[in-house]
Amino acid sequence: MSRNGQMKERMHQELLYLPNDEEIMKEQEWCQELLYDFNQTRPSQKAERTALLKKMFAELGDNCYIEPPLHANFGGKFVHFGKDIYANYNLTLVDDTHIYVGDGVLFGPNVVLTTAGHPVDPVLRDEAWQFNASIRIGKNCWIGAGAIILPGVSIGENSVIGAGSVVTKDIPANVVAVGNPCRVLRPIGERDKKYYFRDHKVDAEVN
């Protein structure tokens, strides 16, 4: 198979491709250079961080903040962030293809979003074939600490993914989902408007 630009196209079509293609690796190296610069910034350099993220990401809305270190295969080149997104330490974006994140999403520490997968067949794996499938997260989701979101998964708006969950299939909107594999625990309902944590009530200062 000729590699002249073909592998680069296949990586965004859920087709098997070779990630060690020379053109892909050259592009990835440039993205990693920007990511390195971002991770070396000082806490006081907030403007510099934002400027770098705007270079690194496919899209970056207003008022987004990512705590370094950030880990990303392509430094965010295929990542689309809405506005008002916060990501705690060690967000890992295996962004070999597109990741879409809606407004107001919160990421706990050590969350992993991985678009990349490998064939189960050992011969194909030995030949280094890979495939990618996009991830989509709706607005106002909360992805708990240590959650892992696998290739091709979509999460509906307002949903909460419990800490340590492994999300292997789509999660609907307006639910709490937990576990490995991640399953819907319950819908978000009226009680959640009154109690924010166990039996702790939302007080008058908030209302």
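1. **Before you start.** The model is predicted: local features need pLDDT of at least 70, side-chain atom pairs count only at pLDDT 80 or more, and totals for chains, interfaces and linings use all residues. Numbering runs from 1 along each chain as its sequence is written, and side-chain values use heavy atoms, with hydrogens and water left out.

2. Helices (H or I, at least four residues) and strands (E, at least two) are DSSP runs, numbered from the N terminus. Five strands make an open sheet in the order S1-S4-S7-S12-S15, and the pairing is parallel. Strand S1 (59–60) and strand S15 (154–155) stand at the edges with a single partner strand each, so one side of each has no neighbour in the sheet. Two strands count as paired if DSSP finds at least two bridges between them. Strand S12 (residues 135–137) and S15 pair in the parallel sense over two bridges; isoleucine 137 has isoleucine 155 of S15 as its bridge partner.

3. **The seven-stranded sheet.** Another open sheet has seven strands in the order S2-S5-S8-S13-S16-S18-S19, with mixed pairing. Here S2 and S19 are the edge strands, each with a single partner strand, so one side of each is left without a neighbour in the sheet. As a reminder, strands of a sheet pair through backbone hydrogen bonds, either parallel or antiparallel. S16 and S18 run parallel and are joined by two bridges, and valine 160 has valine 176 of S18 as its bridge partner.

4. How do S18 and S19 pair, and over how many bridges? They pair in the antiparallel sense, over four bridges. Among the residues involved, valine 178 has arginine 183 of S19 as its bridge partner, and valine 176 stands opposite arginine 186 in S19. The two strands form a hairpin with four residues between them, and glycine 179 in the turn has a positive phi of about 105 degrees. For accessibility, buried means under 20% relative accessible area, exposed over 50%, and partly exposed in between (1.4 Å probe, protein chains only). Of the five residues of S19, the number buried is zero, so S19 lies largely in the open.

5. **One face of helix H3.** Which residues of helix H3 (residues 46–56) are buried? They are Arg49, Leu52, Leu53 and Met56. Looking down the axis of H3, these buried residues fall within an arc of 100 degrees (taken from the directions from the helix axis to the C-beta atoms), so they line one face of the helix. The face turned away from the buried side carries the exposed residues Ala47 and Lys55. Helix H2 (22–39), S1 and strand S2 (65–66) are included in what covers the buried residues of H3.

6. Serine 159 is found in the loop between S15 and S16, and at 0% relative accessibility it counts as buried. Contact means heavy atoms within 4.5 Å. Valine 175 and serine 159 are 16 residues apart in sequence and 4.8 Å apart in space, C-alpha to C-alpha.

7. **The largest pocket.** A pocket is found on a 1 Å grid over the protein atoms alone, as an open set of points where a 1.4 Å probe fits, with protein on both sides within 12 Å along at least five of seven lines; lining residues have an atom within 4 Å of a point. The largest pocket has a volume of about 370 Å³, where volume is the space filled by probe spheres set on the points, and grid points are joined across faces, edges and corners. Its lining has 17 residues, with Trp142, Val176, Arg186, Asp192 and Tyr196 nearest the centre. S20 gives the most to the lining, with three residues.
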